[in-house]
Amino acid sequence: HLERNIMMDRAPLSYIFLAVFSAAAAVTSKDYFFPQLQSTYVACSKSTINTNATGNDDDGATDDNGGIVQKTSMKNAILTEEQWNQIKHTSCPKQIPNPSIWPISFAQARIELGFNIETIPNTPNDEEFVENFFTFCNGGVGYASLDGEHHLVYLKVWKSANDQIRKNIDRVARKKDNLWNFDINMNDLMSHRQQDYNELWSPIPFSKRNQTCVVTAVRDPVEHFLSAYNEIEFRSTDSFRSSHGVKTNTNNNKQRYYERYENGTDARFERYVSEFIWGASSTSVFPSLPFSNIFHSFSQSGVLWLLKQQIDIMGVNAPRLTAYLPSISNVNAAFPNLVATNCPGFEEEFGRPFTKQFDHPSQNDEFGFYAAAKRVWRKQDATSRALCALHLMDYACFDLIPIPDLCQDVFSDASFNERLLKSQQEANEAMAITCTFCEGGIPDPGLVVPKTGGLTCELVKATATKEVNGTDTCAIVQNEERVCCPTKQVGDGDDA
């Protein structure tokens, strides 16, 4: 630090950015023994989540937990409307996820499982695992209207009818040249590199991005996790591996403890949840199956974090979520109706239900993974409560989804709420002193800033958020506003 301060006045800008980006954390992988957990909780009431042990439920078309869910009434509920409004305002104000809540949700889930949170490793790798859980977004599909005047972006959520929606969008799009698909680079993600979503938005003129109709489809968060668990387990079976040519990572071929339990058993799923919630030391690598499979179970609020990043970069010119489906029930009719109702310029192409059905082999539940996960949820014990705590963010961000009674009980816990509010206060204090950069937006996030070693304006802004306002480093970074966001910004009257 002393050397850094001495060199500050005469160091080239590339040195400053290199210093900020050079921190690295050693990745460790250990097996931990979890004692048999005994639940002392009594079920509050039957959950609204679909727990039918059979049924056609997956990334494909159908979901047997009813039609599109209307906003839940908090009358006579365990969680009062006033309490819930306060939690939503703290956790996801205006559908912008609050990252200070992420570790609190994991901590509460660990408490519900009976873990001593003081003994859980608190390493950069664990922090990264928690962050990835809430920020993952696979990408999206974009489409320009036939006249080119309007733009639609569907943000993909794995295990929420993603295949069904994007493949049918491709079918109904009359002008294929107006259609584009962006998938996140999984290799970059697994290498812990910052993700670049510019390709998703670049076909849209800068001045029209805040007019883009952005839509997505989600489902009950716990149900989403159960479905994802089934998908993850299915992809680890010998039959899936052999049919898809998947090879086991022989460099680190240890079994996880949950894999030592018989397929399709309650104990296997309970152990999986324990290991997942314990954190990165147990789950960040999953050596016995392709790493990317675990992302199926990550928070659906990741699509909102992607939009939050765009707001940070583009300010008032950023796209925002226009509408979303809170259920994937009858998605073939519901999704086209969502687009036709909320997105001008697409009424004709999306004016009728989708006709093509796309199913996943995992939905047959040949090995009983999904049935076991549903049975465990129906127990309404410690594992169920932990899943509620883990998914607070999803319920807060997508508040058209009814909250199961058990989750209302978890969310109304006084100590949990105290930690949420304290975390928010600390985050507000930190934000007040964070180095600001191009607060009005960046016309060209991909513009390379001279003498920074190839850093783009987007990455320079990311650098600023790691610094304190008023410091020499902050001043050096802010000096690049003349490049990234000159006084007359592109987009005020011209297309970028």
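Biologist: How many bridges join strand β4 (residues 213-217) to β5?

Modeller: This is a predicted model, so local features need pLDDT of at least 70 and side-chain atom pairs count only at pLDDT 80 or more, while totals for chains, interfaces and linings use all residues. Residues are numbered from 1 along each chain as its sequence is written, and side-chain values use heavy atoms, with hydrogens and water left out. Helices (H or I, at least four residues) and strands (E, at least two) are DSSP runs, numbered from the N terminus, and two strands pair if DSSP finds at least two bridges between them. β4 and β5 run parallel, and the number of bridges joining them is four.

Biologist: Which residue of β5 is the bridge partner of T216?

Modeller: Strands of a sheet pair through backbone hydrogen bonds, either parallel or antiparallel. For T216, the bridge partner in β5 is Y324.

Biologist: Which strands stand at the edges of the sheet?

Modeller: The open sheet has five strands in the order β3-β1-β2-β4-β5, with mixed pairing. Two of them have a single partner strand each, so one side of each is left without a neighbour in the sheet: β3 (179-183) and β5.

Biologist: How do helices α6 and α14 lie to each other: roughly parallel, roughly perpendicular or oblique?

Modeller: Axes are lines fitted to C-alpha atoms, for helices over the stretch in contact, and angles run from 0 to 180 degrees between N-to-C directions. Helix α6 (residues 162-172) and helix α14 (residues 331-342) pack at about 60 degrees, with their axes 11 Å apart. Angles under 35 degrees count as roughly parallel, over 145 as roughly antiparallel, 65 to 115 as roughly perpendicular and the rest as oblique. That makes α6, relative to α14, oblique.

Biologist: Good to know! Which residues of α14 do Q164, I165, N168 and I169 of α6 meet?

Modeller: Contact means heavy atoms within 4.5 Å. The four named residues of α6 meet V331, N332 and F335.

Biologist: And at what angle does α14 run to β5?

Modeller: Helix α14 lies across β2, β4 and β5. Its angle to β5 is about 160 degrees.

Biologist: Which helices do the buried residues of α15 pack against?

Modeller: Helix α15 (residues 369-379) is mostly covered, with eight of its eleven residues buried, including F369, Y370 and W377. These buried residues pack against α9 (221-234), α11 (266-278), α16 (382-390) and α18 (405-411).

How values were computed:
Buried < 20%, exposed > 50% of the residue type's maximum accessible area, 1.4 Å probe, protein only.
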